[in-house]
Amino acid sequence: MMFPSPSAARRMICLLLAGLSLAGCRLEDLTPQQIGMIASSVQTIGKAARPVSDEEEYYIGRAVAAQLTATYPLYRNKRLTEYLNLVGQTLALHTEQPTTFGGYHFAVLDTPEINAFACPGGTVLITRGMIASVKNEDELAAVLAHELGHVIHRDGIAAIQSSRWSQALLIIGSQAAREFSSKDTAQLVSLFQGSIDDVVKTLVVNGYGRDQEKKADLAALGYLAAAGYDPQGLVGYLDRLQEAGRGSKGGILATHPGTDERLENVREAGAVSVDRSGFPRRSKRFADMVP
Amino acid sequence: MRPLTRYILLICLLWTVDAAAETVSVVTRDNAIRSESRFFAPVRAKVRYGDRLTVIGRKGDWYQVSAKGVNGWVHKSAVESRSYSASGRGRSAGGVSADEVSLAGKGFNPQVEAGYRNANKNLNYGTVDEIERLAVGEKSLETFIQQGGLIQP
């Protein structure tokens with residue numbers, strides 16, 4: 001998350017001074033204190049309008065994960081979870097954002113439902129049903145790469161109603177708020193609660209928009225290729241979704257519509273030449289881990 | 001004050017804003033200054049959120065930095081050109097402005113999380129902590145990549 005850059009701050013100062021000039025105020029009329037106040041105000045305005053920061057995204061992601069794991073229990077299989085993290089971390093290192101505030105974490109939810117969730121900040125939760133549905137490590141990597149796309153594009157954060165964040169900024173940006181008062185805290189907790197509900201509703205009920213899904217798929221193709229996985233693994237993963245869709249409309253199919261369209265896009269974009277020499281070794285270790 | 005002096009004062013203010021770009025702050029909870037501009041390179045120093053690093057150079061996605069008595073490399077996604085303390089209270093902010101200090105760590109932070117947890121006892125934060133605790137070592141990851149015929153980052 002970026003605060004205004006020095007050059008942006010400089011532009012804002014210039015714009016403000018230009019505005020003063022248009023209003024009939026001459027620079028010569030300003031005292032040094034007034035100039036200092038203008039510079040300070042520009043910085044404060046810039047920060048007050050800031051987006052959700054990386055560390056705030058982390059706390060949002062934790063709360064989202066806390067809700068999801070209250071619904072779906074964690075599958076505590078240490079070997080499988082470590083393996084999942086090795087695949088996920090490998091991919092994460094090949095994204096445009098290899099590090100996040102709290103780091104990337106991958107875990108398995110104990111449900112036969114076929115689904116995966118990208119919590120803001122970098123925690124990715126994948127169901128046992130999803131793991132059982134993919135056929136090899138490259139397809140598993142494709143699922144994780146798609147979810148990393150959502151994390152990095154901040155699709156979860158985008159689900160938060162802008163009015164909530166605007167209200168939060170009013171409290172956060174208050175000059176007096178060096179320490180939150182109990183009233184401020186209560187208001188922020190309420191806004192936080194609403195924000196979490198927005199994200200969870202999108203993850204579990206509504207799903208992301210078609211454009212967000214397409215962008216996550218395209219990003220996944222790039223991450224897979226960069227890491228040395230076969231991007232066609234994403235085609236395999238979408239094939240599994242399509243197969244699952246013939247028997248059920250629940251889980252990920254409810255939140256990821258348009259599998260046919262996604263397959264078409266991915267087949268076209270993912271048809272690149274890759275070194276598949278490591279594929280048999282990866283498939284073997286996948287079979288050892290996911291019998 | 002004469003007009004010329006006012007303009008000089010303004011230029012100094014702008015220069016100060018630019019000068020801040022020479023340092024970056026760590027924006028991840030933990031990170032490392034490495035001996036080379038690549039992941040898995042030996043770690044010369046550990047850094048934490050809010051640590052300020054002096055930028056010496058840049059290569060691709062990596063900053064060459066100086067801090068804690070060492071020179072080395074840190075990935076660009078781990079730092080930003082801002083500087084403030086993690087909590088906004090208690091810690092030295094290293095000469096940053098009052099605005100920066102008052103905004104630091106404000107917003108959706110541990111204080112808000114604590115209030116949220118208190119109001120929602122059914123949530124499973126213990127499991128979230130458990131998920132975050134599991135970390136794969138760099139050596140394991142490097143070996144995993146190698147054995148799978150994958151590409152080293």
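Predicted model: local features only at pLDDT ≥ 70, side-chain atom pairs only at ≥ 80, totals over all residues.
One pairing along the way sets His105(A) opposite Thr123(A) of strand 3. Helix 4 of chain A packs on the sheet here, where it touches both strand 1 and strand 3 of chain A. The direction of helix 4 makes about 140 degrees with that of strand 1 of chain A. Taken as a whole, the sheet in chain A is open and has 3 strands in the order 1-3-2, with mixed pairing. Its edges are strand 1 (105-109) and strand 2 (116-119) of chain A, each of which pairs on one side only. From one strand to the next, the twist averages 20 degrees.

Helix 4 of chain A covers residues 78-92, 15 residues in total. From first C-alpha to last it reaches 20 Å, which is close to the 21 Å expected at 1.5 Å a residue. At its N-terminal end sits a cap, Asn77(A), with a side-chain oxygen 3.3 Å from the backbone nitrogen of Arg79(A). How much of helix 4 of chain A is buried? The count is 12 of its 15 residues, so the helix is largely enclosed by the rest of the structure. Among the buried residues are Leu80(A), Tyr83(A), Leu84(A), Leu86(A), Val87(A) and Leu91(A). The list also includes Thr81(A), Asn85(A), Gln89(A) and Thr90(A), along with Gly88(A) and Ala92(A). In general, an α-helix has 3.6 residues a turn, so residues three or four places apart point the same way.

Zooming out, chain A contains 14 helices and 3 strands. Of its 291 residues, 58% are buried. Among contacts in chain A with a separation of 6 or more, 72% are between residues 24 or more positions apart. The accessible surface of chain A is about 12000 Å², and carbon and sulfur atoms account for 55% of that area.

Chain B has 5 helices and 7 strands. Along the sequence they fall into the pattern α-β-β-β-β-β-β-β-α-α-α-α. Of the 153 residues in chain B, 47% are buried. For contacts in chain B between residues at least 6 apart in sequence, the share joining residues at least 24 apart is 44%. Chain B exposes about 7700 Å², with 52% of it supplied by carbon and sulfur atoms.

Two hairpins follow each other in the strand region of chain B. In one of them, strand 4 (residues 52-59) and strand 5 (residues 62-67) of chain B run antiparallel and are joined by 5 bridges. Arg58(B) has Tyr63(B) of strand 5 as its bridge partner. The hairpin leaves 2 residues between the strands, and Gly60(B) in the turn has a positive phi of about 60 degrees. In the other, strand 5 of chain B is joined by 6 bridges to strand 6 (residues 70-75) of chain B, and this pair is antiparallel as well. Ser66(B) stands opposite Asn71(B) of strand 6. Here too 2 residues lie between the strands.

Which residue of the hairpin of strand 5 and strand 6 of chain B takes a positive phi? It is Lys68(B), with a value near 55 degrees, in a residue other than glycine. Lys68(B) lies in the loop between strand 5 and strand 6 of chain B and is exposed, with a relative accessible area of 54%. Phe40(B) is not a glycine either, yet has a positive phi of about 75 degrees. Phe40(B) belongs to the loop between strand 2 (30-34) and strand 3 (43-48) of chain B. With a relative accessible area of 12%, Phe40(B) counts as buried, because buried means under 20%.

Finally, a residue of chain B that reaches across to chain A. Gln147(B) lies in helix 5 (residues 138-147) of chain B. Leaving aside residues up to four places away in sequence, Gln147(B) touches Arg281(A) and Arg285(A). Within chain B, Gln147(B) and Trp62(B) are 85 residues apart along the chain, and their C-alpha atoms are separated by 26 Å.

Note on methods
Residues numbered from 1 in each chain as written. Chains lettered and ligands numbered in written order. Heavy atoms only, no water. Helix = DSSP H or I, 4+ residues; strand = E, 2+ residues; numbered from the N terminus. Expected span 1.5 Å × (residues − 1). Buried < 20%, exposed > 50% of the residue type's maximum accessible area, 1.4 Å probe, protein only. Polar contact = N/O pair within 3.5 Å; in protein donor to acceptor, adjacent residues only side chain to side chain. Pairing = 2+ DSSP bridges. Axes fitted to C-alpha atoms, helices over the stretch in contact; angles between N-to-C directions. Contact = heavy atoms within 4.5 Å. Areas by Shrake-Rupley, 256 points an atom, 1.4 Å probe, with all protein chains shown as cover.
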